[in-house]
Every structure is written in structure tokens, then in C-alpha cells.
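Open the model in your viewer and keep the sequence panel in view. The stops below say what to select next and what is there.

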Amino acid sequence: MKSSARSGQFSKRVLTIVRQIPLGYVSTYGDVASMAGRPQASRAVGNIMRTCSTSRVPCHRVVAANGRIGGYNILAMKYQLLHNEGIVFQGKRIKDFKKIRWYGQK
């Protein structure tokens, strides 16, 4: 299989997984990469989130492993979207990050 075909399949798996992150929960770039079958591809997940332009994919729910919101086109918007879902911040980190971190099926 060509690399671009594999890349396209990976992107589809990533977007499918991100659509499943429940309201009020977050996953990390690495969590999503692992669920998509490529645990070392967290940067690729970040790139997919950065270029995703459909509102049907809650890209704002994918955050850095340290509980910070990570890269996003408009950081203030990501904070606001997460805040609107009930996620609380303590400084620049998500409060109770371990409690709202989603690893897959709920």
C-alpha cells in the first residue's frame, strides 16, 4: 500500500476517533494516535487536528499529554470551547485532567 493511502486511512481513523470523544472530556494527541493504531504518531494527529476544518469534528477536545491545551489555530477559541463544555482550567492546565481524560469507549 502506498504511503499516501496509509496516511489517508490513518487520517480517517483519527477523525472517527475524535468524533467519539464525549462532551466534557478530552484525549491527548498520543491517546488518539494509539487508538488509531499508530502510538508514535502524536505529531501526525496534531497536524490532522490543525488542518481539520469541519465543525463535525471536535478538534478542541484533543490536548497535550501534560494537561495543557496544546497547539490550535486560535488558542482563545479552544479555551472557550472547552470552558463551554464544563472543563475547568487551573492556570494553563486542565483541572482534574485525569478524571476527564478519555481513552476510548465510555
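Helices (H or I, at least four residues) and strands (E, at least two) are DSSP runs, numbered from the N terminus. This is a predicted model, in which local features need pLDDT of at least 70 and side-chain atom pairs count only at pLDDT 80 or more, while totals for chains, interfaces and linings use all residues. Residues are numbered from 1 along each chain as its sequence is written, and side-chain values use heavy atoms, with hydrogens and water left out.

**Stop 1: D96**

Select D96, in the loop between β4 (93-94) and α5. D96 is not a glycine, yet its phi is positive, at about 55°. Most residues other than glycine have a negative phi. Now show the surface: D96 is partly exposed, because its relative accessible area is 42%. Here buried means under 20% relative accessible area, exposed means over 50%, and partly exposed is in between (1.4 Å probe, protein chains only).

**Stop 2: R101 and D31**

Move on to R101, in the segment after α5 (97-100). Which side chain does the side chain of R101 meet in a polar contact? The partner is the side chain of D31, at 2.8 Å. A polar contact is a pair of N or O atoms within 3.5 Å; within protein, one must be able to donate a hydrogen and the other to accept it, and residues adjacent in sequence count only if both atoms are side-chain atoms. Beyond its neighbours within four places in sequence, R101 is in contact (heavy atoms within 4.5 Å) with V26, T28, D31 and A65.

**Stop 3: A41**

From D31, go to A41, 10 residues away in sequence and 9.8 Å away in space, C-alpha to C-alpha. A41 lies in the loop between α2 and α3. A41 is buried, because its relative accessible area is 7%. With neighbours within four places in sequence left aside, the contacts of A41 are F10 and A33.

**Stop 4**

Select F10 and show its surroundings. Leaving aside neighbours within four places in sequence, F10 is in contact with A33, A36, R38, A41, A44, V45 and I48. Look at R38 in particular: its charged end sits over the ring of F10, 4.4 Å from the ring centre. The rule for this is that NZ of Lys or CZ of Arg is within 6 Å of the ring centre and within 35 degrees of the ring normal.

**Stop 4: M49**

M49 is buried, with a relative accessible area of 6%. Not counting residues up to four places away in sequence, M49 touches V14, L15, V18, Y29, C59 and V62.

**Stop 5: C52 and C59**

C52 counts as buried at 19% relative accessibility, and C59 counts as buried at 6%.

**Stop 6: Y79 and F89**

Next, select Y79 in helix α4 (residues 75-84) and F89 in strand β3 (residues 89-90), 10 residues apart. They form the 1 aromatic pair in the structure. The ring centres are 4.8 Å apart and the planes are at 65°, so the pair is edge-to-face. Rings of Phe, Tyr and Trp (its six-membered ring) pair if their centres lie within 6.5 Å; planes under 30 degrees apart count as stacked, over 60 as edge-to-face and the rest as tilted. Y79 is partly exposed, with a relative accessible area of 28%.

**Stop 7: H83**

Finish in helix α4 with H83. Is H83 buried or exposed? H83 counts as exposed, at 51% relative accessibility. The C-alpha atoms of H83 and W102 are separated by 17 Å, and the two residues are 19 apart along the chain.
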